[in-house]
Amino acid sequence: MSYHKVERDNDGRPIGLTPIAPEDVTVVRDGATGEIAGYLVHPPPTPTVAAVTLTEFLLARIAEDEAAAKEAGGNVWTEQSSGVLDTGEWPDGVHALGDSRVTRFIAEHDPVRVLAECDAKRRIIELHASLPQPPMLRAVGNVCAECSSSFEDGHVEGVAWPCDTLRLLALPYVDHPDYRKEWADGMR
Ligand SMILES: [Zn+2]
(Lines give C-alpha, C1' and ligand atoms only; values in the text may rest on other atoms or scores of the structure.)
Protein backbone atom coordinates (compact mmCIF):
# COMPACT_ATOMS: atom_id res chain seq x y z
CA MET A 1 0.00 0.00 0.00
CA SER A 2 1.36 3.38 -0.87
CA TYR A 3 0.09 6.73 0.30
CA HIS A 4 0.42 10.14 -1.21
CA LYS A 5 -0.47 13.59 -0.08
CA VAL A 6 -2.14 15.73 -2.72
CA GLU A 7 -0.34 19.05 -3.06
CA ARG A 8 -2.58 21.93 -4.08
CA ASP A 9 -1.96 25.44 -5.26
CA ASN A 10 -3.47 28.51 -3.59
CA ASP A 11 -6.74 27.94 -5.41
CA GLY A 12 -7.01 24.36 -4.21
CA ARG A 13 -6.18 22.79 -7.56
CA PRO A 14 -4.11 19.61 -7.30
CA ILE A 15 -0.58 20.15 -8.59
CA GLY A 16 1.17 16.98 -7.54
CA LEU A 17 1.58 14.09 -5.16
CA THR A 18 4.06 13.71 -2.33
CA PRO A 19 4.70 10.14 -1.21
CA ILE A 20 4.07 9.38 2.47
CA ALA A 21 5.78 6.45 4.17
CA PRO A 22 3.23 3.77 5.16
CA GLU A 23 4.45 3.78 8.76
CA ASP A 24 3.43 7.44 8.97
CA VAL A 25 -0.17 6.67 8.13
CA THR A 26 -2.93 5.30 10.37
CA VAL A 27 -6.02 4.06 8.61
CA VAL A 28 -9.14 5.21 10.44
CA ARG A 29 -12.11 2.85 10.06
CA ASP A 30 -15.73 3.38 10.77
CA GLY A 31 -16.50 1.66 14.08
CA ALA A 32 -19.75 0.17 12.84
CA THR A 33 -19.05 -0.85 9.28
CA GLY A 34 -15.28 -1.28 9.32
CA GLU A 35 -15.08 0.83 6.18
CA ILE A 36 -12.18 3.16 5.73
CA ALA A 37 -13.31 6.50 7.07
CA GLY A 38 -10.08 8.37 6.50
CA TYR A 39 -6.36 8.49 7.02
CA LEU A 40 -4.38 10.05 9.78
CA VAL A 41 -0.95 11.21 8.74
CA HIS A 42 1.46 11.44 11.64
CA PRO A 43 3.24 14.74 11.73
CA PRO A 44 6.96 14.39 11.12
CA PRO A 45 8.80 14.25 14.41
CA THR A 46 9.78 17.73 15.52
CA PRO A 47 13.53 17.90 15.67
CA THR A 48 14.52 18.11 19.30
CA VAL A 49 17.19 20.60 20.16
CA ALA A 50 20.20 18.52 21.03
CA ALA A 51 21.09 19.03 24.64
CA VAL A 52 24.24 21.00 24.98
CA THR A 53 27.14 18.91 26.27
CA LEU A 54 29.23 20.03 29.19
CA THR A 55 32.14 20.63 26.80
CA GLU A 56 30.02 22.82 24.54
CA PHE A 57 28.68 24.68 27.56
CA LEU A 58 32.15 25.36 28.94
CA LEU A 59 33.60 26.40 25.58
CA ALA A 60 30.71 28.82 25.06
CA ARG A 61 31.23 30.44 28.48
CA ILE A 62 34.98 30.66 27.89
CA ALA A 63 34.39 32.27 24.50
CA GLU A 64 32.18 34.87 26.21
CA ASP A 65 34.78 35.57 28.88
CA GLU A 66 37.45 35.85 26.22
CA ALA A 67 35.37 38.22 24.10
CA ALA A 68 34.74 40.45 27.13
CA ALA A 69 38.47 40.54 27.96
CA LYS A 70 39.31 41.48 24.38
CA GLU A 71 36.55 44.08 24.32
CA ALA A 72 38.11 45.59 27.43
CA GLY A 73 41.42 45.94 25.58
CA GLY A 74 43.02 42.53 26.09
CA ASN A 75 45.88 44.29 27.87
CA VAL A 76 47.65 44.72 31.20
CA TRP A 77 45.97 46.90 33.80
CA THR A 78 47.86 48.36 36.73
CA GLU A 79 47.24 50.33 39.86
CA GLN A 80 48.82 53.62 38.86
CA SER A 81 48.70 55.01 42.37
CA SER A 82 46.68 54.14 45.44
CA GLY A 83 43.05 53.69 44.37
CA VAL A 84 43.74 54.72 40.77
CA LEU A 85 43.37 52.11 38.03
CA ASP A 86 45.24 52.47 34.75
CA THR A 87 43.74 50.40 31.93
CA GLY A 88 46.53 51.42 29.59
CA GLU A 89 44.38 53.48 27.28
CA TRP A 90 45.39 57.06 26.86
CA PRO A 91 43.96 59.50 27.83
CA ASP A 92 40.76 57.79 29.09
CA GLY A 93 42.31 54.82 30.81
CA VAL A 94 42.92 56.35 34.21
CA HIS A 95 40.11 55.72 36.69
CA ALA A 96 40.22 57.07 40.20
CA LEU A 97 38.20 54.52 42.17
CA GLY A 98 39.29 55.73 45.57
CA ASP A 99 39.86 52.32 47.12
CA SER A 100 43.19 50.61 46.66
CA ARG A 101 41.73 47.16 47.52
CA VAL A 102 39.36 47.52 44.58
CA THR A 103 41.92 48.79 42.10
CA ARG A 104 44.45 46.11 43.07
CA PHE A 105 41.79 43.42 42.70
CA ILE A 106 40.71 44.69 39.28
CA ALA A 107 44.32 45.00 38.11
CA GLU A 108 44.99 41.41 39.24
CA HIS A 109 42.02 40.25 37.14
CA ASP A 110 42.87 42.28 34.09
CA PRO A 111 42.16 41.15 30.53
CA VAL A 112 45.58 39.49 30.23
CA ARG A 113 44.83 37.31 33.26
CA VAL A 114 41.36 36.43 31.93
CA LEU A 115 42.78 35.49 28.51
CA ALA A 116 45.40 33.27 30.18
CA GLU A 117 42.69 31.56 32.24
CA CYS A 118 40.57 31.01 29.12
CA ASP A 119 43.56 29.36 27.47
CA ALA A 120 44.28 27.16 30.50
CA LYS A 121 40.64 26.09 30.79
CA ARG A 122 40.50 25.16 27.10
CA ARG A 123 43.56 22.96 27.58
CA ILE A 124 41.99 21.29 30.62
CA ILE A 125 38.82 20.61 28.61
CA GLU A 126 40.90 19.17 25.76
CA LEU A 127 42.66 16.80 28.18
CA HIS A 128 39.39 15.62 29.74
CA ALA A 129 37.89 14.62 26.42
CA SER A 130 35.01 12.19 26.06
CA LEU A 131 36.03 8.76 24.76
CA PRO A 132 33.64 6.06 23.56
CA GLN A 133 32.97 3.45 26.19
CA PRO A 134 35.62 0.71 26.09
CA PRO A 135 33.90 -2.58 25.13
CA MET A 136 34.96 -4.33 28.35
CA LEU A 137 33.19 -1.72 30.47
CA ARG A 138 29.46 -2.10 30.54
CA ALA A 139 26.91 0.55 31.39
CA VAL A 140 29.44 3.26 32.03
CA GLY A 141 28.89 5.26 28.86
CA ASN A 142 31.63 7.49 27.55
CA VAL A 143 34.70 7.80 29.73
CA CYS A 144 37.14 10.63 30.41
CA ALA A 145 40.36 10.32 28.44
CA GLU A 146 42.41 11.87 31.24
CA CYS A 147 40.83 10.42 34.37
CA SER A 148 40.46 6.83 33.15
CA SER A 149 43.35 4.38 33.31
CA SER A 150 44.21 1.43 31.15
CA PHE A 151 46.68 -1.20 32.23
CA GLU A 152 49.06 -3.43 30.35
CA ASP A 153 46.89 -6.47 30.86
CA GLY A 154 44.09 -4.69 29.01
CA HIS A 155 42.23 -3.92 32.23
CA VAL A 156 40.55 -0.52 32.09
CA GLU A 157 39.37 1.63 34.95
CA GLY A 158 36.92 4.00 33.38
CA VAL A 159 35.82 7.26 34.91
CA ALA A 160 32.49 8.29 33.46
CA TRP A 161 32.43 11.42 31.33
CA PRO A 162 31.88 14.23 32.19
CA CYS A 163 34.34 13.78 35.03
CA ASP A 164 34.49 15.87 38.19
CA THR A 165 37.17 18.14 36.71
CA LEU A 166 34.82 19.34 33.98
CA ARG A 167 31.88 19.56 36.38
CA LEU A 168 33.93 21.73 38.71
CA LEU A 169 34.98 23.99 35.84
CA ALA A 170 31.30 24.57 35.11
CA LEU A 171 30.26 25.36 38.71
CA PRO A 172 31.01 29.10 38.55
CA TYR A 173 28.42 29.29 35.75
CA VAL A 174 25.69 27.50 37.71
CA ASP A 175 23.22 30.37 37.25
CA HIS A 176 23.51 30.33 33.46
CA PRO A 177 20.23 29.23 31.79
CA ASP A 178 22.03 26.50 29.82
CA TYR A 179 23.54 24.97 32.95
CA ARG A 180 22.07 21.50 33.54
CA LYS A 181 21.45 20.53 37.13
CA GLU A 182 22.68 16.99 36.59
CA TRP A 183 26.21 18.33 36.08
CA ALA A 184 26.29 19.00 39.82
CA ASP A 185 24.92 15.54 40.68
CA GLY A 186 27.17 12.89 42.14
CA MET A 187 30.18 15.11 42.41
CA ARG A 188 32.68 13.84 44.89
ZN1 LIG B 1 38.58 13.90 33.52
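An open sheet of three strands, ordered β5-β6-β7 with antiparallel pairing, opens this account of a predicted model. Strands here are DSSP runs of E with at least two residues, helices are runs of H or I with at least four residues, and both are numbered from the N terminus; two strands pair if DSSP finds at least two bridges between them. The edge strands, each pairing on one side only, are β5 (78-81) and β7 (94-96). Between neighbouring strands of this sheet the average turn is 35 degrees, direction ignored. Strand β6 (residues 84-86) is joined to β7 in the antiparallel sense by three bridges, and Val-84 stands opposite Ala-96 in β7.

Across β5 and β6 lies helix α2 (residues 100-108), which runs at about 145 degrees to β5. Such angles run from 0 to 180 degrees between N-to-C directions, with axes fitted as lines to C-alpha atoms, for helices over the stretch in contact.

The largest nonpolar core has 13 residues, and Leu-54, Leu-58, Leu-166 and Ala-170 have the most contacts inside it. A nonpolar core is a set of buried Ala, Val, Leu, Ile, Met, Phe, Trp, Tyr and Cys residues joined through C-beta atoms within 7 Å; a residue is buried if 20 or more other C-beta atoms lie within 10 Å of its own, exposed if 12 or fewer, and partly exposed in between, with C-beta atoms placed from the backbone. Two or more residues each come from α1 (54-71), β9 (143-144) and α4 (164-170), and α1 gives the most, with four residues. Leaving aside neighbours within four places in sequence, Leu-166 is in contact (C-beta atoms, placed from the backbone, within 7 Å) with Leu-54, Leu-58, Ile-125 and His-128.

Residues are numbered from 1 along each chain as its sequence is written. In this predicted model, local features need pLDDT of at least 70 and side-chain atom pairs count only at pLDDT 80 or more, whereas totals for chains, interfaces and linings use all residues.

Terms used
Two residues are in contact if their C-beta atoms, placed from the backbone, lie within 7 Å.
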